[in-house]
Amino acid sequence: MIKTTGEIPEQADVATIKIASLAPRADFPILQREMNGKPLVFLDSAASSQKPTQVLDAMTIFAQEHYANIHRGVYALSEEATAAYERARKLVARFINARHAREVIFTRNTTEGINLVARTWADANLHAGDVILLTEMEHHSNIVPWQLAAARTGARLVYAPITDAGELDLDAFDRLVESERPKLVAITQMSNVLGTLPPVEAIIPKAHAVGALVLLDGAQSVPHIPVDVRTLDCDFLAFSGHKMLGPTGSVCSGDARSCSMPCRRFWVAAI
Ligand SMILES: Cc1ncc(COP(=O)(O)O)c(C=O)c1O
């Protein structure tokens, strides 16, 4: 039985919730089960992580005590649920140091986030002959949306190569930025295959210098390293809450002002 206070924690309280544990396995109910006669070991967290008790309890408490239609109900419970939902948006904004919570749009996953940018900003701003610069280390979630956008708009895809060591070939990348003058650079901040981190801090100003916007695929970076969108000065960031202990398949929503393209910046957080 889950004990609840009946209250949704305010921001200050959220910061003090104990999430660290000296025995992290104990935080994950699923790891209490056995598989093939052995304690379960889960090694696919980069695809989707398991959920600790703290997250499962928060979800249950919300469903048991606070759930209602958000943004559309004019009754107390709906207003309470809306406030909790918007508080989550503020927390995500603070987590990535966004300027404003309305820059954060909730989607189902990174793939849907990148597709959102492709269907909104790209469809409104790319034209025949424009170049989208990708790299050879992209996840297909950061390739297929651009292949489809290129088919719709007549834009061209160019791929920056990687070295034998699995790093981005920076010289080749710089040459492509200068010669192709892309409209968009869409690049992973941490490769899911190689584990390498392209130096996006150096890449972003170079892309901006030729007028390109930069989309960062943060699916692997945001769960592992601090990501500050203001310091990085990227234009779009997509990442997945379900890869960092959060729930899967949650409601998608979009901030109306951010969605009305063409806008300059938004961060796509999947919850
Ligand atoms: C680098 C990278 N980008 C995008 C994705 C797609 O993420 P999602 O399944 O949340 O759409 C993944 C998934 O593993 C990934 O590793």
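This is a short walk through the structure shown above, from its overall make-up to a few single residues.

The model is a predicted one, in which local features need pLDDT of at least 70, side-chain atom pairs count only at pLDDT 80 or more, and totals for chains, interfaces and linings use all residues. Residues are numbered from 1 along each chain as its sequence is written. The protein chain has an average pLDDT of 88, and 83% of its residues score at least 70; pLDDT is the predictor's confidence in each residue, from 0 to 100. Residues 1-8 stay under 50, and residues 11-16 are also below 50. Where pLDDT is low, the predicted coordinates should not be read in detail.

Let us begin with the overall build. The protein chain holds 9 helices and 9 strands, where helices (H or I, at least four residues) and strands (E, at least two) are DSSP runs, numbered from the N terminus. Of its 271 residues, 34% count as buried. Here a residue is buried if 20 or more other C-beta atoms lie within 10 Å of its own, exposed if 12 or fewer, and partly exposed in between, with C-beta atoms placed from the backbone. Two residues are in contact if their C-beta atoms, placed from the backbone, lie within 7 Å. Among contacts between residues at least 6 apart in sequence, 70% join residues at least 24 apart.

Now for the inside. A nonpolar core is a set of buried Ala, Val, Leu, Ile, Met, Phe, Trp, Tyr and Cys residues joined through C-beta atoms within 7 Å. The largest one here has 50 residues, and Val185, Val214 and Leu215 have the most contacts inside it. Helix α4 gives the most to this core, with 6 residues. Beyond its neighbours within four places in sequence, Val214 contacts Val185, Ile204, Ala207, Cys234 and Asp235.

Just after α5, Gly154 takes a positive phi of about 85 degrees.

Turn now to the ligand. It is surrounded by 15 residues, the closest being Asn109, Thr111, Asn192, Ala219 and Ser240; a residue counts as near if its C-beta atom, placed from the backbone, lies within 6 Å. This shell divides into 4 nonpolar, 10 polar and 1 charged. Ala, Val, Leu, Ile, Met, Phe, Trp, Tyr, Cys and Pro count as nonpolar, Asp, Glu, Lys and Arg as charged, and the others, Gly among them, as polar. Asn192 sits in the loop between β6 (184-188) and α7 (200-209). With 17 C-beta neighbours inside 10 Å, Asn192 counts as partly exposed. Not counting residues up to four places away in sequence, Asn192 touches Ala46, His139, Ala219 and Gln220.

Finally, a look at a backbone detail. Most residues other than glycine have a negative phi. Asn36, in the loop between β1 (34-35) and β2 (38-39), has a positive phi of about 55 degrees. Asn36 counts as exposed because it has 5 C-beta neighbours inside 10 Å.
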